[in-house]
Structures are given as structure tokens and as C-alpha cells.
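Colleague: Could you take me through one part of this model up close? I'd like the pairing first, then whatever packs inside.

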Amino acid sequence: MVFCMSEQTHPVSSDPVVKVRDIRKDFGYLRAVEGISFDLNKGEFLTIFGPNGAGKTTLIKILSGLTRPTSGSATVAGFDVLGGSVRLRKEIGVISHATCLYPDLTALENLLFYGKLYGLNDLEDKANKAINEVGLQLRRHDRVRTFSRGMQQRLTIARATLHDPSVLFFDEPFTGLDLQATNVLKDHLHELHTGKRTLIMTTHDMSCGLEMCDRVAIQNKGRFAMLESIDRIDRENFEKLYTETLEL
Amino acid sequence: MSDENKQDGSILIWLTIVAFLVAMIAIFIYVPTEQTEGAVQRIMYFHIPAAWLAFFSFFIVFLSSILFLWKKEREWDIYALASAEIGVIFCSLVLITGPIWARPIWGVWWMWDARLTSTLILWLIYVAYLMLRAQTDAGSMRARLAAVLGIVGFLDIPFIHFSVLWWNSVHPQPKMISEEGLGKGMDPSMVATLMVSLGAFTLLYFVLMGQRIKVEKMKDEVERLKKDHLYSH
Amino acid sequence: MNGYLNQVAAIVWKDFITELKTRELFSSMFIFALLVIIIFVFSVNLSIVGAREIGPGVLWVAFLFAGTIGLNRSFMLEKENGCLQGLLLAPVDRTALYFGKLVSNFVFLLIMEAFILPLFMIFFNIDLLPHLLPLLYVILVGTLGFCAIGTLLSSLSVNLKTRDIMLPILLYPLMVPVVIGSVQMTGQVLSGESLSGMMNWVGLTLCFDIIYIAVSIMTIDFVLEE
């Protein structure tokens, strides 16, 4: 089944940025993702809710080219995820609860390292600017090991967006963050959601997840049990809808 | 391989039983006792076929591993696993029969003879291979890592062979009477017996493979049913 | 090609500044190698067994054990905070990751060996200086072989729960040809023979290096896929 958007909150080009067709992923006998299809246009923000083990992380891993799907096809930013192509990886940024930061490097060195891997020009300027943007300018030369969880998460955002990706994936970004860090992350999400970038987020956090998105999906047992535009969702009663959907 | 085994499974098993009966008769009744070594030399008819099967099994692991990485089909992963297990068993048999044979001939249980030493290292590589499999959860990750090790391990065999051989030549080496030049200088009856034994062991390999593959597929099925049951509640 | 080399260089640069700050890798490898040598000295009577006979073996066992510690540390670094995932998401060819780690492992090991050799010379009372060039060749080839397969296997065992213990269990049996070759060549070099007199060993270890670098390039994609 292919879900298509009727209302669009942002101006879009005709071709969807994320195109997923009947993706399946088996881990031996275990089926983590089962027949998911959807399109996402440029600038849209999709939030995927679902219980543990629903296959949300696997879906993100497939879309970011880390894991091969058993069958089906998907293109992200015009590149086939099956090819695991280097060009696809230039177009995407991934933020998960793993920060991917080297604890013994400083904030700046971490960004410089990743910038070199992405082959960026004017790296020094870009890295400094990115550090300023996430409000870590005073800690630029401190080792990441000395950072709090929230600060590390902010630096992770700088790391994942340094190469100006057009598609961003957030895999449970709120896990392990305190209230203040959560708020900072939300602010950044708002800033990133400008219509230029396409975002996909998985989360358990109902309020955070519903706040910013354009579309909502509920994933259960590897399938999308629901995929709706946010306009059609009653935010007040979403929790009830969520439990009902899972029981279906 | 497995489809054939399913159909001809019982025929193959009976054929193997008959082959082993013939081999036993040949080894213990038909073939004459070797003059210098005595009755213990009869162990050769187990030792050499076991060694052959060990190498053959590891070769199948190598092939299946390449095919798995190429085709990404669970089938090849199962073949590699089954063959590695059988290979380790026969490798162990070589390492057990070797010293039993050596003790009366050389007067010691273990000589750092090139063939036995190589076999010991091979045994270690494939035991590590099975340990690797045991320590990773079922899934494509386990299959991939095992396949890489299956390839890396087999390619090491020529290096191990030559390095151990040249290393060994530094030390005084006892002459292995019966393994020097297989078939050469051996009585025709001994060659025939060895061939029958080799044939019987090779048949046994396919019987074991068929059974092991069947068991592994059943395991997959059970796990799948378990998961289905779990999800449906 | 230039971009590829820059990426390899970036990984080596990252490993080096980490090491310059922590000095964990060097100190642990060096002290461990030293301990291995000392324990061996206690386990054999040097007045009965000639230092030249036992020496090369002890040296290579020390390198091998210390190198294993280095490999384990080096990939632990990538596993902390899930950095490996960050590397895999970067637009970097997997072989560049392999070469980056191979180069930094190789150089770290060589530095450790450079510090161990003078101590070995003193403890075993063997004058290495007249044989330095062929010895250098043997150490380079032997260490490269160790790093080629060690880097592949440590990126493989990083996925395991018991990676610390599984790495040597996987690595040592496969390393047997290089260990035998290196020990034999070192022994002959130290007794004054030239490398041309042991072409079989030179060929074997070189082939080992080349084949295992080639195999690693071909299989690293499968190892690093999640």
C-alpha cells in the first residue's frame, strides 16, 4: 500500500525525497520490517511512533544505508539505499542516542575529523560556525569526555548537520536527555525544520513527537499500522489512538 | 545437495552402512598385517580418510562462505555451519588416531611432525570459527562474519602447510613409513582397503551433512513458529 | 583518489591525536611487551639455552601479545559512543576505513617495537646493530602481516560481546605462518646470514601480507555492514 499526502505544509517539488516501496528486513527467522511503503516530500517531517522491537531503528538503518533490506526498494534524495552509495551518505545526517563522538578529542577536533571524512571545503570556518550555532563556543577546545549528555547531544547535532544534509534521521533522540537538554534539542529540531530539509524521527515521547511533525506513523510488528497527516490527528486523544492502533 | 538428500536420504544411509561393513571387513579381515608396524598400522585406514574428510569439509566451508557472501542466502550459511562442524569432528579424529598410531611406532604420543602440527592448527582455526558462530546471535551478521572467517581460514592452509614443513625440517624428523607417498610401495590390497575406507567415509560425510542441514532448518522453523506465536498474542 | 587518501589520512590523524593525548595505547603495549620478555627470561635458564636460540622467539611472542592489546584498544576506541556507526555513515569507502586503521595500528606497533628492541639487545646480550637492515626488513614484513589480518579480525570481533578474548582466539592460529617465518628469519639474521639465503621465508611472509591485505579489501564491506 502506498500512502500519498494530500495536504502539504511546505512548498514541494514533484519528486518525493524519500521513496520507500515494500521494504522488508529479515533477521534470520525474525522479521524486523515488513512491507513498509511511503513517500515523503521535500521539507516534510515524519514522526514514527511504536513500541520497542517494532523495527523503527531497523527502518532508519535501512534508509541511511547501514543495513540492507531483504527485499523492496527505497530511494533517499534520489539515491538507491541498496547501493550503499557514497553519494547517498553525503546527503543524509543521522542522530541517534549514540553520539558517535570521540571522547578524547575536543569538540572542534571531532568536527574537523568528520568534516575531513566528508571532504568539506573551508572546514575550519564551518566547524567553528557549527559549534557556535549549538552554543558550545566556550567549550570548543575541551575534550568531549568532560561534556554532559546534553552538551554531547548538541555537538552531535553539529556533527550530523556539518555537511548540510538534505535528509535528516533522528533515532530516539530524546533518550537519556534531561528536561533542559530536551528543550534545547526541540529548539534545534524547529530550526532544522525549515522546509529545505526532510526529517524522519522515531520516538517514544508523544508530546515531543507530535509537536513538530507534518505526518505521523505508528509502526508495530514491522508494519506501519497507521500513517496520517498531522491535521487529521486529534493531538489530545493521540495516546488513546496509539494504544488502540497497537491492539488491532 | 539437501533436496537430493531428502529424497535419497534413506538410500544414502543404507549405502553408507553397507560401505562401512565392507570397509570393516577389508580393514580387519582382508588386508594383511603390515610387517614392521604390526596391527596398529590398521589405524591408517581411519586416520587418512578422517584427514581427507577434514580437508574436504573445510573446503566446502570455504566454497559455501564465498557463495553466501555472493548470494546472501541462508542456505549457504547452513552448509558452511554443517560442514565446519563435521570438519572439526574429523579433524579431532585425526588428532586422536595420530598419537595412538605414533605411540608404538615412535615411542612418544606426540611428535611435532608437519602433518599433525598443521592439523592441530587447522583444528584451532575451525574451533574458533564455531566459537564465533556460538557467540553471535542468529542473523545476517553472524552469517557474514562466519563467512569471512571461513574464507580467511581456508586461505591460510597453504601458508600453514609450508611454514610448518620448513620449520619442521630444522628438527630431526622421524620417517613416516606408511604415509610416505600414498599408494607407492604399498601392497595393492592395502591400497584397495584404503580406497574402500575413503569411499565409506566420504559417503558418511554426505549423510552427516544431510542430517545436520535438516536439523538446522528445523531449528529455523521452530524459531519462526515461536516468533509467530509470540506476535499473535 | 586524492579524496580517498585524505580520508585515510583523517583516520590516522584522529588516532594519533587521541594517542598523543592519552598515551594509553603506547604505554600499555610497551609495558606488556617488556613484561612478556622478563617472564620468558625467568622461565628459561639463559646460561644453558643460548640467548640467540631463544631470543627471536621471545621477541616475537612479546610483539604478538602486545600487538593484540593494541588491536583491542584501537577498536574499543571506535566502539565507544558508537563512533563506528558515525564512520560507516560518512561517505567513506569501507576499504579507506580498513587502510586508516591498518596504518595507525602498523605505525603504533612499529613505535613500540622500536622501544623494545634496545631493551631486548641489553637483556639478551645480542648485538643487533651489525644486522640492523635485514632485521628491520623482517620486522616490517612480520608486523605488516600481523596488522593486515589483525585489523580485519578486530573489526570483525568488535561486534562480539566477548571481543577481548575472541580476538586472540581467532587471530593466533591464523598468525602461525607469520610467527614461524618471522622467528626463523630473525634467528638466521641474528646469526649473520643474509636474507637471500632464506628466500623461501621471505617469499612466504610477503605472500601472506599481500594475500591478506587483498582478502581484507574484498571482505571488509561484509564485516563492517551492520
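Modeller: Start at A:Ile218, whose bridge partner is A:Met226 in strand 10 of chain A. That's a predicted model you're looking at, with local features needing pLDDT of at least 70 and side-chain atom pairs counting only at pLDDT 80 or more, while totals for chains, interfaces and linings use all residues. Residues are numbered from 1 along each chain as its sequence is written, and chains are lettered from A and ligands numbered from 1 in the order in which they are written.

Strand 9 (residues 215-220) and strand 10 (residues 223-229) of chain A run antiparallel, paired over 6 bridges (pairing takes at least two DSSP bridges; strands are DSSP E runs of at least two residues, helices H or I runs of at least four, numbered from the N terminus). Together, strands 9 and 10 of chain A make a hairpin with 2 residues between them, and A:Lys221 in that turn has a positive phi of about 50°.

Among the buried ones are A:Met151, A:Arg154, A:Leu155, A:Ile157 and A:Arg159. The buried residues of helix 5 pack against strands 6 (92-96) and 7 (167-171), plus helices 3 (107-117), 4 (123-133) and 6 (179-192), of chain A (contact being C-beta atoms, placed from the backbone, within 7 Å).

Methods. Buried ≥ 20, exposed ≤ 12 C-beta atoms within 10 Å, placed from the backbone. Contact = placed C-beta atoms within 7 Å.
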